[in-house]
Amino acid sequence: MTGRRLHPFTLLAIAGALPALAWILPAPAGGACTVAVALVLTLTPGASPGLVVFRTALLTAAPFWVFLRLLHDVPTTIAIGLRITTMVASFVWLAATLAPDRLVEATVARGWSVTAAYLFAATITAVPTLRGRARRIVEAQRCRGLSPRGSLGNRLRALRALALPLVLSALHDVDERALALETRGMVSGARRTPLAPPADSAVERAARWALLAACVAALIWRLK
Amino acid sequence: MSIRLLALIPVAAAISLALSAAVDAVALPLFLDTTGTILATALAGPGVGIATGVVTSAVNTLRNPTFWPFVVVQIIVALYAWAAARAGLFRSFRTAVPAGLGLGVIASVTSTPISYLVFGCTTTGGIALTTALGKALGLSPLGACFFGSFVSDFGDKAVTFALVTSVLHALPRRTAARFPWALRAIGAA
């Protein structure tokens, strides 16, 4: 089964359990096992074409190894490096497989507050929009002769000239978004009907509980 | 929570994550990743500020997973910003910048144990390099870790407070009045 077909809660459970186990289990063996599982997940067909997710995970984790070696001896570098790589690979895989709209549908289907899912999904969709706007503001201010280089004071003034229009324009969007939410009946306590709830099989539910049990058991074993 | 405040949270979180484009343009060693949290708190109070901080960390985690454990810092930033807003410290740069410097110290004290215990002080390249500098200066591992966090946080939070003050003063009064805390934060109510 590819990552995209799994229930969003299962994806979150796997991405949460792997780093937890990496930190709980004794290093370096525990970290080596969890990093192997996490890297295999990034190779799952359907996560992204080719080796994109696997490569992204390795490239994101690589600088941490360099800085760890700069600051620590070899055994500590390996112990912490394997944990961080597990965390990075798990979340890179999660970001590639978790569709925000499916997460919203899953929380609605479960009867949870739609607010939390809305906040998460709305932020994910707002970031690229605001980043694009920020780039346009930078270009526009440069066309008007703004120089973002030179002394510290000059750079701070340039930062203000770039950041202020972005933040103010984003705040003006709040009213528009509030109106859109009200129009769609987004009031607290309202029960919503999911349009296409993701399938949540008994096997997946059992797997999520098993992951939680594994983390608790590992923690108890380590604390003994 | 009103719909307007609910709509403010993702916008404020996205501001924190989008400001990196402006920071890259001026090539300053700043993060400004708490701007949205501080702004949301100054506009709408601690509940909205904390929610903004948590959402910012959650979404940032998808880009760089090492951000998640630092969600505690976002919550402390929101609580500190609330105290600053209640005291009207956003009324001018003269009050906002020292308040930001104070937050820099608190944020680095909070983030140091997380950075040290969980990541061995290697959360971002800049902090790792300043930690290495602290180590080269003869500081203990924990001291070097604090040095790295302090160098990055101290100026960053002062600039963030100054930027939020600029935004609050640039907001039209009619717009500011729609948010429950905005006028009090700038000392106008």
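Predicted model: local features only at pLDDT ≥ 70, side-chain atom pairs only at ≥ 80, totals over all residues.
Chain B itself contains 10 helices and 0 strands. Along the sequence its pattern reads α-α-α-α-α-α-α-α-α-α. For the 189 residues of chain B, the globule rule gives a radius of gyration of 16 Å, and the computed value of 16 Å is close to this, so chain B is as compact as a globular protein of that length. A box of roughly 55 × 35 × 30 Å, taken along the principal axes, is filled by the C-alpha atoms of chain B. Of the 189 residues in chain B, 59% are buried. Among contacts in chain B with a separation of 6 or more, 67% are between residues 24 or more positions apart.

Within chain B, helix H3 (residues 35-44) is mostly covered, with 10 of its 10 residues buried. The buried residues of H3(B) are Thr35(B), Gly36(B), Thr37(B), Ile38(B), Leu39(B), Ala40(B), Thr41(B), Ala42(B), Leu43(B) and Ala44(B). The cover over these buried residues includes H1, H4, helix H5 (71-86), H8 and helix H10 (182-185) of chain B. Just after H3(B) comes Gly45(B), which takes a positive phi of about 95°.

Chain A is likewise described by its helices, of which there are 8, together with 0 strands. Its pattern along the sequence is α-α-α-α-α-α-α-α. The radius of gyration of chain A is 22 Å, whereas the globule rule gives 17 Å for 224 residues; the computed value is well over that figure, so chain A is more spread out than a compact globule. The C-alpha trace of chain A spans about 60 × 55 × 40 Å along its principal axes. Buried residues account for 37% of the 224 residues of chain A. Where contacts in chain A join residues at least 6 apart in sequence, 73% of them join residues at least 24 apart.

The domain assignment divides chain A into domain 1 (7-99 + 210-223) and domain 2 (112-183). The C-alpha centres of domain 1 and domain 2 of chain A are 32 Å apart.

Helix H2 (residues 29-42) of chain A has 14 residues, and the distance from its first C-alpha to its last is 20 Å, close to the 20 Å expected at 1.5 Å a residue. Buried positions in H2(A) are Gly30(A), Gly31(A), Thr34(A), Val35(A), Ala38(A), Leu41(A) and Thr42(A). These residues cover an arc of only 120° around the axis, and they therefore lie on the same side of H2(A). Ala29(A) and Val40(A), on the other side of H2(A), are exposed. Among the elements that cover the buried residues of H2(A) are helix H1 (8-24), helix H3 (52-71) and helix H4 (74-97) of chain A.

H4(A) is mostly covered, as 18 of its 24 residues are buried. In helix H3 of chain A lies Ala57(A). A residue is buried if 20 or more other C-beta atoms lie within 10 Å of its own; Ala57(A) has 26 C-beta neighbours inside 10 Å and therefore counts as buried. Apart from neighbours within four places in sequence, Ala57(A) is in contact with Leu39(A), Thr42(A), Val88(A), Ala89(A) and Val92(A). The C-alpha atom of Ala57(A) is separated by 28 Å from that of Ala217(A), a residue 160 positions away along the chain.

Conventions: Residues numbered from 1 in each chain as written. Chains lettered and ligands numbered in written order. Domains from an automatic or database assignment. Helix = DSSP H or I, 4+ residues; strand = E, 2+ residues; numbered from the N terminus. Rg over C-alpha atoms; globule rule 2.2 N^0.38 Å. Buried ≥ 20, exposed ≤ 12 C-beta atoms within 10 Å, placed from the backbone. Contact = placed C-beta atoms within 7 Å. Expected span 1.5 Å × (residues − 1). Arc of directions from axis to C-beta.
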